[in-house]
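This report describes selected features of a structure in running text. The sequence and the structure are shown first.

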Amino acid sequence: MKVVKINAIWCSGCLIMNKVWNNILKKYDIETIELDIDMDEEEVEKYNPGKILPVFIVFNDDKELLRITGEIKEEEMIKKLKGVCELHEKDI
Amino acid sequence: MIYLDYSATTPVNEEVINTYSKVCREYIGNPNSLHKLGVEAKKLIDASTLQIAKILGVKTSEIIYTSGSSESNNLAIKGVCSKYSNRGKHIITTELEHSSVIAPISFLQKQGFEVDFVELDENGLVDLDDLKNKLRDDTILVSICAINSEVGVKQDLKAISDIIRTNPKTFFHSDVTQLIGKDKVDLSMLDLASISGQKFYGMKGIGALIKREGLVIDPLIHGGKSTTVFRSGTPATPLIVSLAKALRLAYENYEEKYNKVVELNKYLIDKLSKLDISINSNEYCLPHIVNLSIKNIKPETMQHALEEYDIYISTQTACSKGEYSKAVYAVTRDKDKATHSIRISLSYLTTYEELDKFIEIFSKLLDSLNIRGE
C-alpha cells in the first residue's frame, strides 16, 4: 500500500492534516509520497487532485483504492484506510 | 471602469506618485553612504520614519521596512521562531490568515514546530476560551490577523492580547494589513504587526514590520545594519518616503472616509439583499469588505463576466487558489457557500453610481449565467 499526499504550503487544512497524518505514521507503516501542488506541478497534474486540499490517494499495486480530501479526524481517517486495506502496526 | 477590489490592492494616490518620482530624481545617494548625497537621503528617510512612527503611535526604532506584508509576516513568524525555539516550539494561529502567514508556519511545522488552530465562533471571531486552553508554557508565538481579507471579520485584538499577556514567553503577531490606513489601531498591544503600503493607496513593494522595542528576532536577510539590523539591504529611499506620504494621506480625515464606506456598505447590502444570493460578511466585519455567495455559478465565471463590463471584483484573495474559502466556511459552516463566494471591496473613492451600475449588471448576470447553467 502506498499513499500519495498532495499538499500546498499556503493551505491551512494541509497544515492541520500534517499533524493528523504524522500521528498515523507513528502508529502504522505506510509508504507516503508527499507532493506540493505548486512545486511538483507536473507530477501532481497526473493525479487530478481537484479543488480541496490536502488529497490523500491510497494505492495498492498502482490501483487507486481510495481518495480522501480535506480535513478529517484521525480516527475517521484510520477507519477509511482500514476499509480498503490492511494497516500494519509499527513495532514499539 | 468600476473597481471594487480595493482589498486586493489600491490605486496609487497621485500625490504619492509625485513624491516617489521627485525622490527618485533628486535623492540619488545610497542612505548608507557617508558623503553628502548619502547623508541627504538618510535625513529624508529619518524624517519619513519619524512621520510614520507618529501616525502609528510607535517609536522610530520599532519600524522595519520590508517589501510588503508577505515579507513582514515571514520575518515576524520565522524571526521569532528561529530566535526563541529554545523556549518552546508551539505556535497558535487561525484559519483566517493570509497565505503568507500560513506558509511560513507550514515551513516551521516541517522544522519540528507544533501548530494549533484556535477555534472560531459562528461569527468568525476567535474563541477566547479556546485560545486560553490552547496557550501552553511552550507557546512562543500567536499569529492572528486583525481583519480577515476575504470576509472582513475584525478580531478583538485587545481581548486576544490580554490572554496572551498571561504567558510572558508568548509573542503576539498580527497581520494588520487590511486595517492600517482605514481606522486607527493601537499597536501597543502587539509585539509585531505587519503593514503594506499598497493597501492604503501607496506604492507596491514597500511595507513594514512594526516590532516592539527590545524584542530581538532573527533576520531573514542578513547583511549588516541598514535602517535596522533586522532587515539588510540598501534602503529604498523613494519607496520609504512614499510610504510615509501614503500613510499621512490615508489618515487625513480618516473618520469621514470610514463613515462614507459605512454608508456605501449599507447601501450595497440593501440592494444585494433583494437578489438571490447570501451575504457572508456580518456585523463584526470591516465595512470595506462585502463577501457573498452565489448559487449555481462558479465565482470565476461571474468574475470574468463582470470583467466584460469593466467591473472588477475578486473571488478568493489574490494570493490563494484552488481551495474553498476557509474564512467563508468559518462564518457559514457551509462548504457550498465557501466554494461559491465573491468579494466586493469598497473604498471612500467608490461612488453610489458605481454601486448602482454594479448591481444592475450583477443582477442581469445572475439570471443569465444561471439559465446557461454556468
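Thr19(B) is part of helix H1 of chain B, which comprises residues 14-26. The model discussed here is predicted. Is Thr19(B) buried or exposed? Its relative accessibility is 14%, and because buried means under 20%, Thr19(B) counts as buried. When the neighbours within four places in sequence are set aside, Thr19(B) is in contact with Val241(B) and Lys245(B).

The report now turns to the two chains and how they meet. On one side, 14 residues of chain A take part, and they are in contact with 18 residues of chain B. About 1,700 Å² of area is buried between chain A and chain B, and carbon and sulfur atoms give 56% of this area. Within the area that chain A buries against chain B, 40% is supplied by Trp10(A), Leu15(A) and Lys51(A), which is more than any other three residues supply.

The following table lists counts for the pair of chains.

| Item between chain A and chain B | Count |
|---|---|
| Salt bridges | four salt bridges |
| Residue pairs in polar contact (both at pLDDT 80 or more) | seven residue pairs |

What kinds of residues form the side of chain A that touches chain B? Seven of these residues are nonpolar, three are polar and four are charged.

A salt bridge joins the side chain of Lys19(A) to that of Asp116(B), with a distance of 3.0 Å from N to O. This pair counts as a salt bridge because the nitrogen of Lys lies within 4 Å of a carboxyl oxygen of Asp.

Terms used
Residues are numbered from 1 along each chain as its sequence is written. Chains are lettered from A and ligands numbered from 1 in the order in which they are written. This is a predicted model: local features need pLDDT of at least 70, side-chain atom pairs count only at pLDDT 80 or more; totals for chains, interfaces and linings use all residues. Side-chain values use heavy atoms; hydrogens and water are left out. Contact means heavy atoms within 4.5 Å. Buried area is the accessible area (1.4 Å probe) that two parts lose on being put together, summed over both. A polar contact is a pair of N or O atoms within 3.5 Å; within protein, one must be able to donate a hydrogen and the other to accept it, and residues adjacent in sequence count only if both atoms are side-chain atoms. Ala, Val, Leu, Ile, Met, Phe, Trp, Tyr, Cys and Pro count as nonpolar, Asp, Glu, Lys and Arg as charged, and the others, Gly among them, as polar. Helices (H or I, at least four residues) and strands (E, at least two) are DSSP runs, numbered from the N terminus. Buried means under 20% relative accessible area, exposed over 50%, partly exposed in between (1.4 Å probe, protein chains only).
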